[in-house]
Amino acid sequence: MSQEQLEKLIDCADGKGEAEKVPAAVGGIDAAEDKKKCVVAEASGEKAEGEVNRKKVAPASEGTITIGEALEAAVLTAGNKPVEWSDAAAIQAAEVRATGRTNIMPGGVAASAQSAATLNSRVTSEDEKTTLADVLTGASSKLPSDKAATRKDAEGVTGAEMRNDPHLTTYPTGVAASVAAAARINQAK
C-alpha cells in the first residue's frame with residue numbers, strides 16, 4: 001500500500017475527508033465510481049518510503065484493503081494511544097477474522113495486544129504504557145494469512161471493541177474505525 005493510499009484510508013477512518021479525485025489510470029478505477037466514497041486503489045508493486053518489504057500471504061483481490069493493512073492504518077490514526085482492553089479485544093477479533101483461526105496465536109498481534117493491555121493496567125505512568133503503534137506496526141506481516149476487510153469483519157471488530165469498553169463505545173480513530181473504513185472502501189469497489 002502506498003503512502004497516498006494510507007493517507008486516504010486515514011481520512012476515511014477519521015471521517016475528515018473523502019477521496020474526491022482518483023485518476024482513471026490508477027487500478028482501473030473511473031473517477032465517476034468514487035462519488036461520496038473513499039476509494040483507494042492498490043499500487044502495483046510500488047513501495048512507499050519507510051514501508052518494510054513483506055511477503056503477501058493469501059493476497060486479496062486486486063485493489064482491496066486487507067484486515068492487516070487496516071490494523072497498520074490504525075497506527076497512523078491512533079498510534080500514540082495506550083493499549084486498553086477494548087483495543088486488545090478488537091485486535092483479537094481482527095486477527096481471528098483475518099486468519100480464520102478460532103484461537104489466538106502465541107506471539108501474534110492479538111497476544112501482544114493482550115499483554116500490552118495487562119501491562120498498561122498495572123503501570124501508572126503514561127510514558128511507560130505500551131501504545132497501539134508498539135503493537136500494530138507491521139501487523140500484516142505478523143499475520144500468517146490475511147483477507148480483504150468486509151462489512152461483517154468491521155461489525156465483528158466494532159462489537160468486540162464496544163463490549164470491552166466501560167462506556168460501550170469505540171475509539172473514534174482506533175482499530176474498529178480503521179477496519180470499518182477499509183470495509184467501506186472495499187465495498188465501494
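Guide: Asp 165 is a place to start: Asp 165 sits in the loop between helix 7 (151–163) and helix 8. Helices here are DSSP runs of H or I with at least four residues, and strands are runs of E with at least two, numbered from the N terminus. This is a predicted model: local features need pLDDT of at least 70, side-chain atom pairs count only at pLDDT 80 or more, and totals for chains, interfaces and linings use all residues. Residues are numbered from 1 along each chain as its sequence is written, and side-chain values use heavy atoms, with hydrogens and water left out.

Visitor: Is Asp 165 buried or exposed?

Guide: Asp 165 has a relative accessible area of 13%, so Asp 165 counts as buried. Buried means under 20% relative accessible area, exposed over 50%, and partly exposed in between, with a 1.4 Å probe and protein chains only.

Visitor: How far apart are Asp 165 and Trp 85 in space?

Guide: Their C-alpha atoms are 7.2 Å apart, although the two residues are 80 apart in sequence.

Visitor: OK, the whole chain. How many helices and strands?

Guide: The protein chain has 8 helices and 0 strands. Of its 189 residues, 50% count as buried.

Visitor: At what angle do helix 3 and helix 4 cross?

Guide: The axes of helix 3 (residues 85–99) and helix 4 (residues 109–122) cross at roughly 175 degrees and come within 8 Å. Axes are lines fitted to C-alpha atoms, for helices over the stretch in contact, and angles run from 0 to 180 degrees between N-to-C directions. Helix 3 and helix 4 are therefore roughly antiparallel. Angles over 145 degrees count as roughly antiparallel, under 35 as roughly parallel, 65 to 115 as roughly perpendicular and the rest as oblique.

Visitor: Which residues of helix 3 make the contact?

Guide: Trp 85, Ala 88, Ile 91, Gln 92 and Glu 95 do, and the helix 4 side includes Val 109, Ala 113 and Ala 117. Contact means heavy atoms within 4.5 Å.

Visitor: New topic. Where is Ala 183?

Guide: Ala 183 is in helix 8 (residues 175–187), and at 5% relative accessibility Ala 183 counts as buried.

Visitor: What is Ala 183 in contact with?

Guide: Leaving aside neighbours within four places in sequence, Ala 183 contacts Ala 149, Thr 150, Arg 151 and Ala 154.

Visitor: Last one: what lies over the face of Tyr 171?

Guide: Lys 81 does, at 5.0 Å from the ring centre. A charge sits over a ring if NZ of Lys or CZ of Arg is within 6 Å of the ring centre and within 35 degrees of the ring normal.
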